[in-house]
Amino acid sequence: MQNPSPQTYPPKSVPVAELLAGTRLDPGANITFQVFDVLRDLIVSVKLRPGQRLSEKEIAAALDASKTPVREALIRLDEVKLVEIVPQSGTYVTRISVSRYTTACFIRLQLELGAVHDAAIRPDPRHRVEDLDGILGLQSDALDRDDATAFFELDERFHRQLFVLSGHADAWATARRSQFDLNRARLIRRRHRILRGPEVIAEHAAIADAIRARDPQAAEAALRAHIGDLDRQVGVLFTDERLHGLIELPTAN
């Protein structure tokens, strides 16, 4: 599949009310948390575009909720840098931050190095390396179908399983909280074309093989080769035309 042209990608913003159509909140659960989760998922999946303005009134009407929990949810999203509340102007989905992207790469690398090391030395006996093989098979199927969304979801599942296999499943949640901008950039680039699909599967297989061989050094080396160096990761943000206008470049001091 060919790259979309920078003139046609990303598509125009879809009104938040349209994206929320059909969403029903559970009146018996915390409304603020539910609104937060719904909007967070729309932002991280890039259905709400970086820079898009959000209307508290429209969100409340679409979800049949009062403005107070919606306002509280937006404040929480502002705290995790997914929206920016600008006084006298409005609330906007934040652009992808190079700084947060770089930090996310660093955190992911360090935590996953520990996960693959422990998975190779002392894997959780409740899980098997074959679970990784199953995910790889599904990834190959997604690649054959050119299904970028499924490929991305399976990529996430593979990396989560590394933490599960290592016995540090709870650490995945810690890693995930720092990955919002990293995942937004990856999704934008994969929305129309799975990048490095065969290479990703081969790199995943190398990680699984090293864990199977109980070789922690090889597992760490395979992970480093897969995630890559930070300079290359950050360089993607500057050179990929599909991200132009959607990223917040670092300012000179």
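Biologist: How do the residues of the lining of the largest pocket divide into nonpolar, polar and charged?

Modeller: Keep in mind that this is a predicted model. The largest pocket holds about 390 Å³ of space, and 16 residues line it. Sorted by type, those residues come out as five nonpolar, three polar and eight charged.

Biologist: Which element gives the largest share of the lining of the largest pocket?

Modeller: Val44, Ser45, Phe152, Arg176 and Leu187 are the lining residues nearest the centre of the pocket. Two or more lining residues come from each of α2 (31-44), α7, α8 and α9. The largest share is five residues, and the element supplying them is α7.

Biologist: Let's go from pockets to cavities. What is the volume of the largest cavity?

Modeller: Rolling a probe the size of a water molecule over the atoms shows where empty space is left. In this structure there is one cavity of 30 Å³ or more. Its volume is about 70 Å³.

Biologist: Now for a loop residue. Is aspartate 124 buried or exposed?

Modeller: You'll find aspartate 124 in the loop between α5 and α6 (130-145). Leaving out neighbours within four places in sequence, aspartate 124 is in contact with Val164, Leu165 and Gly167. Its relative accessibility is 8%, and the cut-off is under 20%, so aspartate 124 counts as buried.

Biologist: What about aspartate 64, is that one buried or exposed?

Modeller: Aspartate 64 sits in the loop between α3 (56-63) and α4 (67-79). Most residues other than glycine have a negative phi. Aspartate 64 isn't a glycine, yet its phi is positive, about 55°. Its relative accessibility is 74%, so aspartate 64 counts as exposed.

Biologist: And what is the relative accessible area of lysine 81?

Modeller: Lysine 81 also has a positive phi, about 65°, although it is not a glycine. Its place is in the loop between α4 and β2 (83-86). Lysine 81 is partly exposed, and its relative accessible area is 46%.

Biologist: Last one: over which residues does pLDDT stay under 50?

Modeller: The mean pLDDT of the protein is 87, and 91% of its residues reach 70 or more. Where pLDDT is low, the predicted coordinates should not be read in detail. The stretch where pLDDT stays under 50 has 17 contacts beyond four places in sequence in the model, and it covers residues 1-10.

Methods:
Residues are numbered from 1 along each chain as its sequence is written. This is a predicted model: local features need pLDDT of at least 70, side-chain atom pairs count only at pLDDT 80 or more; totals for chains, interfaces and linings use all residues. Side-chain values use heavy atoms; hydrogens and water are left out. On a 1 Å grid over the protein atoms alone, a cavity is a set of points where a 1.4 Å probe fits but cannot get out, and a pocket is an open set with protein on both sides within 12 Å along at least five of seven lines; lining residues have an atom within 4 Å of a point. Grid points are joined across faces, edges and corners, and a volume is the space filled by probe spheres set on the points. pLDDT is the predictor's confidence in each residue, from 0 to 100. Contact means heavy atoms within 4.5 Å. Helices (H or I, at least four residues) and strands (E, at least two) are DSSP runs, numbered from the N terminus. Buried means under 20% relative accessible area, exposed over 50%, partly exposed in between (1.4 Å probe, protein chains only). Ala, Val, Leu, Ile, Met, Phe, Trp, Tyr, Cys and Pro count as nonpolar, Asp, Glu, Lys and Arg as charged, and the others, Gly among them, as polar.
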